[in-house]
Each structure stands twice: as structure tokens, then as C-alpha cells.
Amino acid sequence: MRFLHKSLLTSLLLVFAQLVAFSQNTDLQQLVTPTTGVLAGSVCNESGDPLAFANIIVMNAKDSTMTTVAQTDANGKFVISGIPYGKSYLSIEYFGYGTYTTAPFTLSQNNPVYKIQRIRLDQKSTLLDGIEIKAEIEMLESNLDKMVFNVESSITAEGATAIEVLEEIPSVDVDLDGNVTLRGSENVTILVDGKPTNLTLDQIPANLIQSIEVITNPSARLEPDGESGILNVVLKKRKERGFNGMISARGSMELFRNKPKIGSYSGTINLNYSYNKINLFLNYDLRGHNHFNGGSTDRRSWFGEDTTRLLQENYGKFGGYNHNLRTGIDWFINPKNTISFTFSYNNNKNSSFSELGVEDDSVKMEEFLPYEKYFQYSEGIGKRNNYSGTINYKKTFETKGMELTADIFYTHNNRNNTDTTFQDFSFPIQHLDITQKSVTLDKNTNASAQVDFITPVGRKGRIETGYKLSFRSVGEDYRFYEGNDSLPITLDDSRSNNFVFSEWINAAYIIYSTSFWDKLKIQGGLRGEIANTTSDLKSSGEVHKRNYYNLFPSAHIRYDITKEHSLQLSYSRRVSRPSIWQLNPFVNVSDRQNYRCGNPDLLPEFVNALELGYFMAIKKSSLSATVYYRQRTNIISRYTEILQDTLDGEEHTYTLTTYQNLKNSQNFGIELVYGQQLWKFWRISLSGSFYRLIVNSDDMIDDYLARDWTWRVRLNQTFNLPKDWQLQLNFRYRAPSITTGSMGWGSGGVGQGKQSGNYSLDFAVKKSFLNKSLVVSLNCRNLVNSYKNKIETYSYRNNYGYHAYSIRERGRLNISLSISYKINNYKKRMEKTMGGDSEEIEFEE
């Protein structure tokens, strides 16, 4: 009776749906898109009579989520388009018959059309025992358009954050400060579900992430921001029928300077309820964290005959907790209209402390004469609130392949941070001890409205077009207070700052794509943008306005040599716009030895990117090889120079780090990703990249720091063992390379430099219990690693310059234990396939 009731509800859901009817000569290939394929088949009863209005439910084989629904026509036939590439299966229901579940099938760019055999349903009213359908999905999927890292397939991602997941992805690197680079460039755009975000990546738990997409040469449909490409974090949104969910918990410890420290801890709950036309989901994550760091700096600087030496030793801890809430609803109004609402909220509170020892000496005849020596202790507290909302609408039409989508997005972030610093001087003795306090209030807002339309043109062509209006406002109110042993702490207006940056962008695009002989596919697009920006330094009355118009063309040519081998040539023009921190002209002098400021005259950076890719997939092997070339102009680069002035009546030497536009650069390289199923239980993924960078800075940067050959390699191994055991080993190595990372204490320091190589080995083991409903994972990150990062920086001029060595240190080992439990585990509780014979039916392409 439960099955009859379930079938009746599904039938009522679809009884008013419009019929999907095609004749025998339907051109299925016309319904194929760059990211979705087509499925065709028919359903009949035991006697071979067609079953009209049977419910066809397309399910994602990875997690058994519902992709789409349709019905057979009056002749029992169905054609379903818009199915995302990957593994899927069908669940067919008809009143009075048993549910028929097909074996998984695969749609891909090489095989975008799948014609399923005629399905016979047996008229039975009882439900047989369930069977398990396994549809393993690769952790790393690489093709010509993008690289997809499936987080659920990574054991080492259990209980981690997005920043730790990125460390496993080829071509992506993360430094000790959490800065992300793609193919050696920091100019990468990070999106969440295709939208900008105010959250940092360490605030997004991996348990809420479905996959991360690496798109190095996107089409004109996507925003052109990000010189090296786009990293899109795709969050989970389940669509299993009925009620289901997952609860998980994690705790960790790490080893820092050979001492065990309490690491991070988290608790997550994911719930989903799907009934009739409504799908509801709720995700909540509580996460606490502790991070430890240390380092040292040894810098020599000179002005004519005067030479000074700076020594710094620092140790710090940063901790706090996050609350992440995300909820939403999908309303399937009818088969042609769907609307979705999503809301998320993040609350973050943190605290930090650091200790810094500073010794600044004058050098005379190789003797070090103390000039200044002090010990600095800092502590800070901060809190952040971020909320965002999205409305999505999708409409399909009678004309197959025609689609209209509309999106409205809004996010707002408030941050309040207070830092207090005590400087205890031991030399000179008469120097008064200093107390400093800074209060920072941030308000960030992003909003956008977008509409996109797709329509078929001719036999195999189609046109995509759209418009987007976006607004961004970033404000920072920084107040600086100072006092000493004889003066109370008071507000210093000369070192306080209130800066607001706003930007409006109107953008429109058009893309035309077509195919020839079913082997050659061509796509060309053009995006135009009008941007209006305002930088307002309210504390001084400086206002900088810029208005500019730019065109961003893109082109993709794909040739399928055979079903197993493909080639693609692509081109795009992209932009990197300056951030508020790069534009803010206020000089921050909270670190006496390392000043920093932005540059309001910065211009956007532009890049022309060309890629040639080859992709091969044969049985248990896959290979992706990409050769790329990037030509950049107006390069936005962190730049450091040594300066000298008078402080407290004495000559004072310090560095000033700001941002400059370098003239141009050339970057070319090769990237390889190889996957192999060695045995049934053992799969490997080997990736590597090698590239050359040549920077033309008009002598702003020394030649040695403007030329770079470097490479990196990753090896991921997954072992599926008996008794539901899984093991994973990940190794990565990055060769020495040019860096624009900071040196010294805090966020100050230098730009141009060279950093040492880095390597690490991660190990994870997972065991499933209770029919895979309960999962326990042990994760050891940085089991073997180079936990110290060495940076050499320098600048030589005619009569002045500096040369510095710094060391950045992190935890050597992080061990975590994760436990998760699935509620109503539909992924492994599938209904048994019913019926008997099947026969092939023909559809013309």
C-alpha cells in the first residue's frame, strides 16, 4: 500500500504536465548543449502495449538526487533533454506496476545522446527486497571545458574547509596565509554557486560543498573577472524524495613547534525534504578553530654609507568559531516552470594574540650598534555577520532547447574588529612604552540582477544572450588610538581612515554555437561592460572616479577525433579589477618597520588567454593535456621599497608596501592530468604543471625577480578495500618560485621575492558501518611536510636598497577524527529492478 500511495502521489504531481512528444525523426543532436545531454526511450507493459503518461524520474547516480521528471507520450515514448553530463539512472513508475530502476548510464560531451532499450513493466503490487546500486564517481574529473573536484569522493576533505580542499586540486596553490593562486597567479575569481561572496574560504565547511569547478578559459556568459580563471564552489542541495539528511561531527589536534595544540572542531547537520512539487533543504554548521603561526625576519638595508639590520621573531595564535546556516526551497510549478529561493547566514567571532621581538641595529664596520629594541604583544577580538539571498527562476518552452532564466542576488557583510598592541622598549632606556589600539568597521554589499535566454537556431545552432546589472560597495572605517607612559590613549586623526569604494557594472553578452558533421563544434561570444567606480577617502576628502567600457571576446573550437579522443582550442580576454585594499591610499603605520598602503591610481589588469587542450578517455584511463599562453598588461603587483625619514628625532628606516601597475608579462606552460584505474581497488590521479613567467616592469623590479621557471606535481591514490574500508594518500610538491607574499609581522612586509619549495603528504582512512549509514574517518594532514616556508626578497638601487630573509612557520601535523550518520539513506536503499525482456528502439539523429 505504501508503494501504491507513493506512485499515486507522483502521478498526481505530473498529471497536469505538458506532454513530451517527438516523432521518430526527431533530431536529438539539436537538443544537446555544452553541458547537458539527451535521453530517449519508451515504456510498455508485459504484452508490449505502450504505457502512456508513465512517470520518468532522472536520478543522479552519485547521490541519488532527482535531476528532472517527465512523462511518456500517448505512444509510450519519451525524450528528455537538459540532463547534466555524468552518470544517471532512471526510476520509472506507473500506477499498478512495480517501480523499474535502470542501470546507471553515462552522458558526456563525447556521447551526449543515450537511447535506452524499450522498458517493460510487470503488473505487480508487491515490492521486492532492495538491491544496492554502486555508481562510483571520480574524485577529479577533467575535460576540455573545466576541471571538477568532487569533494564527496575525497576522504581527506572530511571535516575540512574549502581552503583545505583547494590544496588537493591541480594548478591551485594555497600559501600559509590562505592566499589562493591558480597557475601561479593570485588574480583568480572565487565564486560560490556562481555568485560572489563576502565569506572567506576557511569559513565554508567542506561538508556543505558538492564540488569545486576550475574554469581557466570561460565563455562570454561568465563574468571576465580573474586573470587566471574562476574557482566556483558548488554547494550541496539535495533532492532525494521524502525526508533525509546527515549529521556529522569532527575534532582535531595539531603539532606546532613539537607541542600538541587543540585544533579545530565542528558539528554539521544537513536536512532535506522533497514532496510533490516542493523541495526543502536546511544546512547548519558550527565550527571552532585554532591556528598557530610563527616566523622570523633578517633584513639589511642601506642608504649611501648608512646600513641597518632588522631582526624580528614572532609567534601567534588565531582562533574563534563560526555559525553557518543555509536554507532554501525549490518549487516545481510545472514541468516548464521552476522557482528557487535560497538564504544563508554566517556569524563569526574570533580572537587573536601575537608576540613579536624586534631589534633594529646600525651597522658600523660590521659591528651591530643597537638603535631600537622592544617586545610587542598584541591581542584582538572581532565579529562578523554576513547574510545573502538568491531568487532563481527557470522557464522552458515548447520549442526544445529554448530556455529563460532570471536571477536576483544580494549579500551584505558587517565586520567589527578591535586590536590592542603594547610595545615594551628595552633600548633606548629613555624610550617611553607605547600602547596602540585600532578599531575597524567594515560594511560590504554585493547585489546583482541577471536574465539569460537560450534559443535553437537552424538545425544544430543556438544563440545565448543575457544582461546583468551588478553593484558592489565596500567601506572601511579605521580608527587609530595611541598613548604612552605619560600620555593617555587618544584618537589620532592623522592615522585614522574612512574609505568607501563603490562600483556599478552594466554587462550584456551574446554567444553563438553550432556543430558540423557531429565532430566539429564551434562557439563564439562577445561580452560588453560599462563600469563606473568611485573611491572616496572620506577622512581626507579625496575622491577618485573612473568610467570605462571594455569588450571581452571568447571563442571555443572543439573537434572530436573519435569517441575517445578530442581537441579544443579556446581564447578569452579577461580583467582583474583592483580591490579596496589595493586602492585605499591610507598609509597604515601600525608596524613601525613595515608600512603599507594602497594606490588609488591603479588601473584594471587585462589578459589575453589562449589554450590548446587534448582529452582522452579509454576504458579505465583518462588523460588531459593543456598548453596555455597568457599575455597580461597593467599587471597589478604588490611592490616594496625601502625608505628613510625621521621618527622621534632619529633617522628611521622602514619598508613601504603598496601596489603598482607593471607594464606587461608573458606566461606560458603545460598542464597534465592523468587518471588510471590500476586495479579494481586502486585508482590514481597524477597531475603536474610547468610554466615560464617573464615580467616587463620597466626596471621597477630586479631582473632576477622578473623571470621564473617553476613546476608542481600532485599524486592522489584511493584504495577501496574489503569490508567497506577506504584509504587515501595525497602527495604534492611545489618548486621554488617568484612570490609577492608578505614578509615580517602582520599583513605588512615586502612584495617582490623568491620562495622556497614546499611539499606535503596527507593520509586518510574511512570505515563504513550499518549498511554505510555510519561513517568514521581518520585524517592526517601534513604527515610529512616542509612546514617552514623560506622567502628571500631584495631591491638594489644606485645608492640604496635592502636584502631580507624571512621564514614562515605553521603546524607540522594535523590529526582529525570525523563521524557522520545518514538519515534515511536513500542512496543505498534502491528499489529492485522489475520486469523481463527488453528490445532496442530506433531514434534518428
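Predicted model: local features only at pLDDT ≥ 70, side-chain atom pairs only at ≥ 80, totals over all residues.
Which strands each supply at least two residues of the lining of the second largest cavity?

The strands are β27, residues 497-516, β28, residues 520-537, and β29, residues 542-560. Of these, β29 gives the most to the lining, with four residues. In total, 14 residues line this second largest cavity. Those that lie nearest its centre are F501, T533, R546, L583 and L602. The space inside comes to about 100 Å³. As for the whole model, the count is six cavities of 30 Å³ or more. For anyone new to this, rolling a probe the size of a water molecule over the atoms shows where empty space is left.

In soluble globular proteins, nonpolar side chains tend to be buried together. Here the largest nonpolar core has 29 residues, and L166 and V180 touch the most other members. Six elements are listed as giving two or more residues to this core: β11 (147-150), α2 (162-166), β12 (172-174), β13 (180-182), β15 (209-215) and β16 (230-235). The helix α2 gives the most, with four residues.

Take L166 on its own. If we leave aside its neighbours within four places in sequence, L166 is in contact with V172, V174, V180, L201, I212, L231 and R714. Apart from this core lies another one, of 18 residues, and among them are I80, I83, L90 and L107.

Now the charged residues. Side chains of opposite charge can pair when their charged atoms come close. The structure holds 28 salt bridges, and I will show three of them.

One is between D285 and R287, where the closest N and O atoms are 3.4 Å apart. Both of these residues are buried.

Another joins R558 to D560, at 2.9 Å from N to O. Here again R558 and D560 are buried.

In the third, K538 pairs with D536, with 3.0 Å between the closest N and O atoms. Are these two buried or partly exposed? K538 counts as partly exposed, because its relative accessibility is 46%. D536, with a relative accessible area of 17%, is buried.

There is also a network: D225, R472, E503, R527, E529 and R577 are joined into one by salt bridges that share partners.

Q728 lies in strand β37, which covers residues 725-734. Its relative accessible area is 0%, so Q728 is buried. The side chain of Q728 makes a polar contact with the side chain of N730, at 3.4 Å. Which residues does Q728 touch, not counting those up to four places away in sequence? They are M139, S153, S154, I155, T156, E168, Q717, T718, D762, F763 and A764.

The other residue is T455, in strand β24, residues 434-457. T455 has 17% relative accessibility and therefore counts as buried. Not counting residues up to four places away in sequence, T455 touches G401, M402, R462 and I463.

That is the end of my part.

Key: Residues numbered from 1 in each chain as written. Heavy atoms only, no water. Core = buried A, V, L, I, M, F, W, Y, C linked by side-chain atoms within 4.5 Å. Buried < 20%, exposed > 50% of the residue type's maximum accessible area, 1.4 Å probe, protein only. Contact = heavy atoms within 4.5 Å. Salt bridge = Lys/Arg side-chain N within 4 Å of Asp/Glu carboxyl O. Polar contact = N/O pair within 3.5 Å; in protein donor to acceptor, adjacent residues only side chain to side chain. 1 Å grid on protein atoms, 1.4 Å probe; cavity = no way out; pocket = protein on both sides within 12 Å on 5 of 7 lines; lining within 4 Å. Points joined across faces, edges and corners; volume = space filled by probe spheres on them.
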